[in-house]
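Biologist: I would like to learn how to read a structural model feature by feature. Could you take me through one, giving the general idea before the case?

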Amino acid sequence: MRYIFTGCLMVLLMYAPALFAQETWSLQRCVDYALEHNIQIKQADIQKRLNELILQQSRLSRLPNLSAGINNGFNFGRSIDPTTNQFVNNQLYYLGGSVNMSLNLFSGLQKTHTIQANKYTLAASEQLERKMENDVALNVATAYLQILLNTEQLKATQQQLNLSLAQLENTRKQVIAGALPESNLADMQAQVASDTASLITAENNLTLAILQMKAILNLPSDAPFAVDTQMNVDAIPVMNLDAITPEQIYEQAVGIQPQVLADSLTLLADKKQLAAAKGALYPTIYLSGSLGTNYASTFSQYHVDTIMVPPVQIGTVNINGVDYKVNSLPQTEPIYRSYKSPLGSQLNNNFNQSIGIGVNIPIFNGYTARTNVKRAQLNLLNQQLTAEQNKITLRQNIFQAYADAKGAREQYRATIRALEAARIAYDYATQRYDLGLLSPVDYLTSQNNLFKATINMLTAKYNYIFKVKVLEFYQTLRVQF
């Protein structure tokens with residue numbers, strides 16, 4: 001066993017410089033790092049940004065719908081000329097364009113209620129993100145206290161082992177001198193082995209606590225990490241449990257707890273969603289307008305020209321026995337010439353505009369609108385029950401936390417008294433053992449009682465601090481150390 005202990009000590013001495021050289025993490029640094037790197041907080045932030053996009057989109061939905069399109073192609077065989085709406089029997093190339101606009105003037109205030117609902121939903125997601133941050137901060141504080149507790153327990157276990165090793169060496173000398181029987185040496189060797197196993201367990205518990213903290217901080221498991229063990233736990237301020245009642249803490253908590261605020265905002269959002277669903281039962285009034293033009297390769301335009309027709313003889317007339325020719329008057333005749341109308345001319349000539357207003361009256365749509373109203377009513381009722389249940393749960397948690405804190409305080413006080421009694425008993429046992437008036441079994445029992453009392457006191461102290469801090473967290477949403 002001496003060789004084993006010497007080997008462990010050498011290993012610790014080898015790694016001691018690295019342990020002392022690495023930077024320590026304070027509680028505030030752990031909290032700040034967790035708030036920046038924790039995955040759950042990042043997911044809550046993503047959900048909040050999604051709700052921001054939804055709100056922005058609902059606001060932009062009030063703008064008019066505007067679309068433009070161009071179509072072109074070839075028709076073969078019998079088809080309709082888009083410029084004249086007449087049938088043609090030859091190949092046709094067509095080109096057309098249009099711009100359409102529609103604006104919702106009234107739809108039962110659905111968009112207004114939806115925008116307000118999305119505002120409340122965004123505000124609720126912000127509160128839920130705060131809740132996640134508070135939960136992570138509390139988890140970090142819990143893990144930090146657990147590391148400090150395991151560190152204290154490791155120190156106590158190491159002291160216990162050192163004490164047993166010293167007693168083993170002293171007993172060995174007395175056995176060699178013949179003052180004690182060899183059975184005493186065997187008892188001491190068994191105690192050293194037991195204390196060594198306890199030390200290994202304490203080291204493993206500290207390692208697990210550090211791994212738990214790394215998981216909360218989203219640190220790699222092999223990253224160097226050490227907490228500030230110089231923190232004076234006894235100087236941590238704790239609230240006076242006798243100066244406040246759990247009912248007073250609940251009255252303060254219900255106005256600041258993010259979950260309660262998120263429930264209230266979600267309830268308002270569901271009310272607006274119900275109003276939006278009812279809006280679908282009303283007529284919709286909309287304004288529409290369009291611009292368009294087209295071109296067809298078969299479209300021809302006609303141009304009328306005039307020509308002078310020379311006079312021709314149309315008869316004779318006899319005047320005083322003399323025949324005179326009668327000619328027609330000069331006149332003009334139209335000449336019709338056709339030519340292909342150019343693209344620009346057709347697009348300009350075929351340009352058309354329209355504007356109109358319409359009303360869409362819902363008569364029957366398979367009860368979709370009324371089903372949506374009933375669904376929104378049930379969602380609202382469910383949210384009311386959820387908000388009420390969360391308040392009941394909050395109240396129960398606060399009363400439970402208050403009872404746990406008072407119980408932990410009394411247990412801590414009891415362990416302090418037990419530790420004092422165990423230390424006095426151990427001092428007397430040591431004196432009697434050194435004089436040979438106490439058996440090794442009784443001495444080791446006293447020593448183990450002191451060790452257990454020390455561990456129990458440390459556990460009760462940290463448990464008391466944690467219980468009170470949970471209660472303070474309900475009251476102020478802060479973890480103060």
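Modeller: What follows goes from overall shape to single residues. Keep in mind that this is a predicted model.

Biologist: How many helices and strands does the protein have?

Modeller: Start with an inventory of secondary structure. Here there are 10 helices and 10 strands.

Biologist: Why is the protein described as more spread out than a compact globule?

Modeller: One sets the radius of gyration against a rule for globules. The protein has a radius of gyration of 47 Å, well over the 23 Å that the globule rule gives for 481 residues, so it is more spread out than a compact globule. The C-alpha trace spans about 190 × 55 × 35 Å along the principal axes.

Biologist: How is the length of helix 5 to be read?

Modeller: Compare the end-to-end span with the expected one at 1.5 Å a residue. Helix 5, residues 182-217, has 36 residues and reaches 53 Å from its first C-alpha to its last, close to the expected 52 Å. Asn218 follows helix 5 and has a positive phi, near 60 degrees.

Biologist: Is Tyr367 buried or exposed?

Modeller: Tyr367 counts as exposed because its relative accessibility is 53%, and the cut-off for exposed is over 50%.

Biologist: How many aromatic pairs are there?

Modeller: Ring pairs are judged by the distance between centres and the angle between planes. The count is 8 aromatic pairs. One of them is Tyr426 with Tyr443, a tilted pair with 5.8 Å centre to centre and 35 degrees between the planes. It links distant parts of the chain, since Tyr426 is in helix 9 (residues 368-434) and Tyr443 is in helix 10 (residues 440-476), 17 residues apart. Both Tyr426 and Tyr443 are buried. Elsewhere, Trp25, Tyr33 and Phe225 form one aromatic cluster.

Biologist: Which charged ends sit over rings?

Modeller: Here the point is where a charged end lies relative to a ring centre. The charged end of Arg29 sits over the ring of Trp25, 3.8 Å from its centre. That of Arg395 sits over the ring of Tyr250, 5.1 Å from its centre.

Biologist: Where is Tyr464 found, and what is it in contact with?

Modeller: Tyr464 is found in helix 10, and with 11% relative accessibility it counts as buried. Leaving aside neighbours within four places in sequence, Tyr464 is in contact with Val238, Ala405, Ala408, Arg409 and Tyr412. Tyr464 and Asp404 are 60 residues apart in sequence but 8.5 Å apart in space, C-alpha to C-alpha.

Terms used
Residues are numbered from 1 along each chain as its sequence is written. This is a predicted model: local features need pLDDT of at least 70, side-chain atom pairs count only at pLDDT 80 or more; totals for chains, interfaces and linings use all residues. Side-chain values use heavy atoms; hydrogens and water are left out. Rings of Phe, Tyr and Trp (its six-membered ring) pair if their centres lie within 6.5 Å; planes under 30 degrees apart count as stacked, over 60 as edge-to-face and the rest as tilted. Helices (H or I, at least four residues) and strands (E, at least two) are DSSP runs, numbered from the N terminus. Buried means under 20% relative accessible area, exposed over 50%, partly exposed in between (1.4 Å probe, protein chains only). A charge sits over a ring if NZ of Lys or CZ of Arg is within 6 Å of the ring centre and within 35 degrees of the ring normal. The radius of gyration is taken over C-alpha atoms; the globule rule is 2.2 Å times the number of residues to the power 0.38. The expected span of a helix is 1.5 Å times one less than its number of residues. Contact means heavy atoms within 4.5 Å.
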